[in-house]
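Let's take a walk through this model together, one region at a time. Keep the structure open beside you and follow along.

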Amino acid sequence: MMATSGSILLEARDITKSFVGTKALVGASLTLRAGQTHALLGANGAGKSTLSRVVSGHVRRDGGTVLYEGRPLDFRSPRDALDAGIAMVMQETSLAPDLSVVENIFLPELRRPGRLSFSSMRRRADEILADLGQDRAVSLDSKVQDISVAQRQLVEIAKALALKSNLIIFDEPTASLSPSEVERLFDIIGRLKEAACAIVFVSHRLEEVFAISDEITVMREGRTVAASRPTSSLNQTELVRLMVGRDLGAIFASATGPKPIQENPILSARSLRAPPLVRDISFDLHRGEILGLGGLVGAGRSEVAEILFGLRQRAGGDLLMDGEPFAPRSPAHAIRAGLGFVAEDRRRQSIVPDLSVRENLLLGHLGAYRGFGLGYRSLDEKIRDLLQKLELSPDRLDDDNLLNFSGGMQQKIIIARWLLLEPKVLILDEPTKGVDIGTRASIYAILREIAARGAAILIISSEFQELLGLADRVVVISDGLSIADVPSGDLDEEKLTLLAAPRSSMERNQRVLRDLAAEHDGAAFWAILDEKRMFCLNCVAANPAADLGFRAGSTARFEETPIGVALSARSNEFVFDPSNGLSSLLVDVKSHRGHELGSIGLVLGPNQPVPAASTLRASIIERFRAAV
Amino acid sequence: MTPTTRSTAPEMNRAPRSYLKAFSRLEVRMLGLALVIAIALSILSPYFLRTANLLNLLDQSVVVGIVAIGMTFVILTGGIDLSVGSVAGLTGVVLGLSLHHFPIPVSVFLAVLSGAAIGLFSGFLIAYFDLAAFVITLGVMAIGRSLAYIFSGQTSITDIPPEINDLVYTTLFGIQSNVLTLLALYALAWAYLTYTKGGRTIYAVGSNREAARTAGLSVLFYSILPYVISGALSAVAATLMSAQILSIDPLAGNLLELDAIAAVVIGGASLYGGRGTIIGTLIGVFIMVMIRNGLNLLGVSPFWQGSAIGGIIIAAVLAERLLSPKVRR
């Protein structure tokens, strides 16, 4: 069954696929070799998911050929693909939440006739997990709904291996994992490679792609623009250029520096709570500002937007609009207060398929309109201007089905729907999901323009690059807590990734910091340091004399902290600051794979015994790697 | 942005659309079907095209036609109203009992008000508690019929003032007032659904409730309103029915819901909501009435009529699914 390492396992050529009115794939190709990890890259809407789904039998192709182990293949269903040894680990897992882990691993066996032997299934599940080096990572008897996202992924992988799959496709597997969970996943992928599996890794996190892949295929607008290039032959800039067809800098070209923030926020959230996903979220939004809500999928960002827009009731906390208490009961109420909301799921939350494109554009107006008739006429001029700005031709409005438009066109219409109301606050949840790169540029441009004219914009995006390029300031949300509020100019993707990591890993590293602080009767912190600023990710003080006044999420320039001398010195030894008597040791931690995991600091109060730095460094690195 | 972006975005083939559009408009197809049936019947029966028969056709369309307006509103929101027949029966009894105490206009008003109240009751339960319209209106249907029997004392009410006849038989340009009422109500309903905020909201709610809510439309109000309209129009139909035969039977309007739903569906509305027109419904009503009338003229046993109507409903829905350019999810 297993092919020899390096031989061609699957070859897809000139694949085409159209959905209603949309050409998702126009001549896409992919060649996969046994024992190799192949990264499949592309911007949103480039067709990488569709191509993966064609290979895994979830979608039938319209044209082109697929050769698998040299034989032509035509899957009619995912089951055919599974039988052939091709499995896909999806973003939204395909597990049955009410069944146990072991039942899920062997779910495909349920269609076999005869009795199931739980004892043999259990034994085989143990073997599979042991092969992956994850013996005790998950209990076989837990219900899938009770385990973490990373554990679910492990179950999916085990499920694929139970079917003796030798081609496994990972579709954005790291989107909601913490850095240490990502490491573990990469270890698993490494083992799969050793077993001569072919791996497809779909992602848009470039640093991960470089860390794990052997070859890279890049897609753009439904076609393959670079096929099976060795990863070592490419660098990040080249990859981005291949993905977007031009330099990315141009897209965010109009990025301005941080704007002076006016005194009074137009919208303030104070300790918003709506369990289980929103636990404690605070931020201020000012006129003329683009504020980003960053974080991982499932961190509670969309739920915050829904609270602001009256789609979800809050259990606690305060909202202030222009300084007045604000309690939106319904979207209609929020709209009257001056809010607009471009929701994440266009098909479900925005598009009304049976109304014409014009009426879809005017739907927000219809909701806000107080008269009995329609009041469409009075808006003709405004619509014309708006369409011109969005580079839409007015005759498109007479088409009668918005669903026939591309994702980018749909999104422009939906954004125009809200701009027509001239909202004071516009909230956008993943506004460029499924939107082509050219349309993105015009969406960014118009958002900047309305912000420049005084509107406040709150944007939620899982694409850190977009968030950093567009927002003036980013509030990072993790596990329902707002943990940092940072000007985007001070952030980069790596820092954002660490800040956004789920708090479950935070609790483990908190323990390490607590132990460290207690053992030395000082304070311990975990932070990201750049040339002049620190971003505190966590901080524990056992001794009040060594308390630094940091908390998770606070940022400061070095000289503003009590240990500025040590932070600037970046020494391998303890640094003593005579002005306040504090001794500090900084240890940079990298993962086994060379990922930056930030720095650990240990601060000792005046007159504390100072231990030997070299042995301490090694032990800190060891303990922290295990905990992150 | 450069023009290249626009050309890479998938475009629809626009040139032949105007013809296609005219053809794919369901009402146009159904109007075609109605004409085919009319021509066939006029060939088969010399009486079919006589003025007297055509006026008779219109007269026979009144009750089911008026009820079908309300049913169209309800079905556009993705709901269904099974209670229209029994509400017609009950509001007829309300009319009969009121006529014992009040003048005609007050009695008619009370009947229509009671119909609207019943619609409000069903609509509120369905929309506010998000209950299945099928089940709630099934319950109301049973309650309505039962109350009609109780209030009427299980017999027909025949002692009603004969002047109420004028509601049906006053003529204008040679057309009976019940037919004029039917046409006026269709014109109103058409204007409302096409040119008002409420009408477009009903479409939006039926097509995508979540999106309508997110856009700030009053989803709750416009989910309830169609049931109120349906209840009120059932009472209007009951009034014209009673006025025509000067007798009120608690069993009146039995199975009226089936004819009304059939007319709406033949007229091209989608039971998932969001799709359908009031003109389509009117054509659907005419198709049904013509077939009944034609089969009578041809001397076909009335027992075959159910099969004919049923066959047409199934054929209409099947044709819609097969001819429709894209399959709805």
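Predicted model: local features only at pLDDT ≥ 70, side-chain atom pairs only at ≥ 80, totals over all residues.

To find the pairing on your screen, look for A:Asp577, whose bridge partner in β25(A) is A:Leu582.

These two strands belong to an open sheet of six strands in chain A, in the order β23-β22-β21-β26-β25-β24, with antiparallel pairing. The edges are taken by β23 (555–557) and β24 (575–577) of chain A; each has a single partner strand, so one side of each is left without a neighbour in the sheet. On average, neighbouring strands here are turned by 35 degrees against each other, direction ignored.

## A helix across the sheet, and an aromatic pair

Which strands does helix α18 of chain A lie across? Helix α18 (residues 493–500) lies across β21 (523–529), β22 (533–541) and β26 (596–604) of chain A, and runs at about 65 degrees to β26(A).

Strand β21 of chain A also contributes to an aromatic pair. Eleven aromatic pairs are found over all chains. One of them joins A:Trp526 and A:Phe624 edge-to-face, at 5.1 Å centre to centre and with 65 degrees between the planes. This pair links distant parts of the chain: A:Trp526 sits in strand β21 of chain A and A:Phe624 in helix α21 (residues 613–627) of chain A, 98 residues apart.

## Domains

How is chain A divided into domains? The domain assignment gives domain 1 (8–245), domain 2 (267–493) and domain 3 (502–627). The centres of domain 1 and domain 3 of chain A, taken over C-alpha atoms, are separated by 39 Å.

## Around strand β11

Strand β11 (residues 267–274) of chain A has antiparallel pairings with two strands described here. With strand β14 (residues 316–321) of chain A, β11(A) pairs over five bridges, and A:Arg273 stands opposite A:Gly316 in β14(A). With strand β12 (residues 278–285) of chain A, there are also five bridges, and A:Ser268 stands opposite A:Asp284 in β12(A).

A hairpin through three residues joins β11(A) to β12(A). The loop between these strands of chain A is the place of A:Pro276. Here is a detail worth a look: the peptide bond from A:Pro275 to A:Pro276 is cis, with omega near 5 degrees.

## A mixed sheet

Another open sheet of chain A has six strands in the order β6-β7-β8-β3-β9-β10, and its pairing is mixed. At its edges stand β6 (86–89) and β10 of chain A, each with a single partner strand, so one side of each is left without a neighbour in the sheet.

Strands β6(A) and β7(A) pair in the parallel sense over four bridges, with A:Ile168 of β7(A) as the bridge partner of A:Ala87. Strand β9 (residues 215–220) and strand β10 (residues 223–230) of chain A run antiparallel and are joined by five bridges; A:Met219 stands opposite A:Thr224 in β10(A). The two strands β9(A) and β10(A) form a hairpin with two residues between them, and A:Glu221 in the turn has a positive phi of about 45 degrees.

Helix α1 (residues 48–55) of chain A lies across β3 (37–42), β6, β7, β8 (198–202) and β9 of chain A, running at about 135 degrees to β3(A). In the loop between β7 (167–171) and α6 of chain A you will find A:Glu172, which has a positive phi of about 45 degrees although it is not a glycine.

How do helices α5 and α6 of chain A pack? Helix α5 (residues 149–162) and helix α6 (residues 179–194) of chain A meet at an angle of about 10 degrees, with their axes 11 Å apart. That angle makes α5(A) roughly parallel to α6(A). From α5(A), the contact is made by A:Ala150, A:Gln153, A:Leu154, A:Ile157 and A:Leu161, and from α6(A) by A:Glu181, A:Leu185, A:Ile188 and A:Leu192. Seven of the contact residues are nonpolar, one is polar and one is charged.

Definitions and conventions. Residues numbered from 1 in each chain as written. Chains lettered and ligands numbered in written order. Heavy atoms only, no water. Pairing = 2+ DSSP bridges. Axes fitted to C-alpha atoms, helices over the stretch in contact; angles between N-to-C directions. Contact = heavy atoms within 4.5 Å. Domains from an automatic or database assignment. Parallel < 35°, antiparallel > 145°, perpendicular 65-115°, else oblique. Nonpolar A, V, L, I, M, F, W, Y, C, P; charged D, E, K, R; others polar. Phe/Tyr/Trp six-rings, centres within 6.5 Å; stacked < 30°, edge-to-face > 60°.
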